[in-house]
Amino acid sequence: QAQFVESGGGLVQPGGSLRLSCRVSGIIFSAAVMGWFRQPPGKERELVATMTPGSRITYDDSVKDRFTISRDNADNTLYLQMTNLKPEDTAIYYCNLLHGNQRPSNNWGQGTQVTVSS
């Protein structure tokens, strides 16, 4: 079954940047539709970016033009480059495999905490 190990989070000032990584195992990564999710404090988990095997990409409006999703199929790793970070980006970030209708698998990693604060 799919397993996900997220890393790269931390504390950053508003306007700063971070690059998140997600190492994936247990699936054929190169054939997988992947997504980055985040869960802000006290809120539901939300999908912020997706990427198909053919590099078709979507972003939630809240992160468009600031976040960039990418993948390295040779290394089974998904990335999220985040720039111009805002306090409202504070959340635990997760990656996951996406099934039809952008439904995530039932497996989740531990996530990586991103805190944007001065």
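The model is predicted, so local features need pLDDT of at least 70 and side-chain atom pairs count only at pLDDT 80 or more, while totals for chains, interfaces and linings use all residues. Residues are numbered from 1 along each chain as its sequence is written, and side-chain values use heavy atoms, with hydrogens and water left out.

Let us begin with the strands, which are DSSP runs (E, at least two residues) numbered from the N terminus. Strands of a sheet pair through backbone hydrogen bonds, either parallel or antiparallel. Here, two strands pair if DSSP finds at least two bridges between them.

Where do the partners of β8 stand? Serine 21 is opposite tyrosine 79, arginine 23 is opposite threonine 77, and phenylalanine 67 is opposite methionine 82. The hairpin of β7 and β8 has four residues between the strands, and asparagine 76 takes a positive phi near 50 degrees there. Five of the six residues of β8 are buried, where buried means under 20% relative accessible area, exposed means over 50%, and partly exposed lies in between (1.4 Å probe, protein chains only).

A charge counts as over a ring if NZ of Lys or CZ of Arg is within 6 Å of the ring centre and within 35 degrees of the ring normal.

A second open sheet has six strands in the order β2-β10-β9-β4-β5-β6, and its pairing is mixed. Its edges are β2 (10–12) and β6 (57–59); each has a single partner strand, so one side of each is left without a neighbour in the sheet. From one strand to the next, the twist averages 25 degrees. Strands β4 and β9 run antiparallel and are joined by six bridges, with glycine 35 opposite asparagine 96 in β9.

How many aromatic pairs does a search of the whole structure find? The search finds two. Rings of Phe, Tyr and Trp (its six-membered ring) pair if their centres lie within 6.5 Å; planes under 30 degrees apart count as stacked, over 60 as edge-to-face and the rest as tilted.

| Ring pair | Centre to centre | Angle between planes | Type |
|---|---|---|---|
| Phenylalanine 37 and tryptophan 108 | 5.1 Å | 80 degrees | edge-to-face |
| Tyrosine 94 and tryptophan 108 | 5.7 Å | 80 degrees | edge-to-face |

Phenylalanine 37 in strand β4 (residues 34–39) and tryptophan 108 in the loop between β9 (91–97) and β10 (112–116) are 71 residues apart. Tyrosine 94 lies in β9, so its pair with tryptophan 108 ties together parts that are 14 residues apart in sequence. Ring pairs link Phe37, Tyr94 and Trp108 into a cluster.

Phenylalanine 37 is buried at 5% relative accessibility, and tyrosine 94 is buried at 9%, whereas tryptophan 108 is partly exposed at 29%. Arginine 45 lies over the face of tyrosine 94, at 4.6 Å from the ring centre.

## Two buried threonines

Threonine 112 belongs to strand β10 and is buried, with a relative accessible area of 8%. A polar atom of its side chain lies 2.9 Å from the backbone nitrogen of glycine 9; a polar contact is a pair of N or O atoms within 3.5 Å, and within protein one must be able to donate a hydrogen and the other to accept it, with residues adjacent in sequence counting only if both atoms are side-chain atoms. Leaving aside neighbours within four places in sequence, threonine 112 has contacts (heavy atoms within 4.5 Å) that include Glu6, Leu20 and Tyr93.

Threonine 90 lies in the loop between β8 and β9 and is buried at 16%. Its side chain has a polar atom 2.9 Å from the backbone oxygen of proline 87, and the side chain of threonine 90 also reaches the backbone nitrogen of valine 116 at 2.9 Å.

Notes: Axes fitted to C-alpha atoms, helices over the stretch in contact; angles between N-to-C directions.
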